[in-house]
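Dear colleague,

Here is the structure we talked about, for you to open beside this message. My notes on it follow below.

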Amino acid sequence: MMTTKIKKHFWSNIRKCFLFCVLLLCFISCTKKEALTSAAFRTNSGWGYTIAYKEKILIKQTVIPVITENKSFATEGDALKVAQLVKEKLKQNLSPTVTKKDLILLKIKL
């Protein structure tokens, strides 16, 4: 009988500790501020994007990269899709270069 009570107490404490750890991890992940941010902005002929690190702009792209024309993105969504791709590449320590294949895969209107 005594062993059963000890086991119950033990598992009860384990559950409490596990729950506390899960809540702590959730809190930490929610409060972690992303260092790299992206934003779209309006240009004279469409949309562009910026990539910033701790509020300092690293990349300001006013035209669609790779294509031969000086043309802005047609929509804000297109600009943000490419900005997200560039941000992901920077997070992985890759070159932020965008290829024409990337634009096609993202279904960017050229």
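**What was found**

F73 is buried, with a relative accessible area of 0%, where buried means under 20% relative accessible area, exposed means over 50% and partly exposed lies in between (1.4 Å probe, protein chains only). Please keep in mind that this is a predicted model, in which local features need pLDDT of at least 70 and side-chain atom pairs count only at pLDDT 80 or more, while totals for chains, interfaces and linings use all residues. Residues are numbered from 1 along each chain as its sequence is written, and side-chain values use heavy atoms, with hydrogens and water left out.

The structure holds one aromatic pair, formed by Y49 and F73, which is tilted, with 5.9 Å centre to centre and 50 degrees between the planes. (Rings of Phe, Tyr and Trp, the last by its six-membered ring, pair if their centres lie within 6.5 Å; planes under 30 degrees apart count as stacked, over 60 as edge-to-face and the rest as tilted.) This pair links distant parts of the chain, since Y49 lies in strand β2 (residues 47–53) and F73 in the loop between β3 (56–61) and α2 (76–91), 24 residues apart. Y49 is also buried, with a relative accessible area of 2%.

Strand β2 also contains A52, which is buried at a relative accessible area of 9%. Leaving aside residues up to four places away in sequence, A52 touches A35, L36, T37, I57 and L58, contact meaning heavy atoms within 4.5 Å.

As for the whole protein, there are three helices and three strands, arranged along the sequence as α-β-β-β-α-α; helices (H or I, at least four residues) and strands (E, at least two) are DSSP runs, numbered from the N terminus. The radius of gyration is 24 Å, well over the 13 Å that the globule rule gives for 110 residues, so the protein is more spread out than a compact globule. (This radius is taken over C-alpha atoms, and the rule is 2.2 Å times the number of residues to the power 0.38.) Buried residues make up 25% of the 110 residues.

On confidence, the mean pLDDT (the predictor's confidence in each residue, from 0 to 100) is 87, and 95% of the residues reach 70 or more. Where pLDDT is low, the predicted coordinates should not be read in detail.
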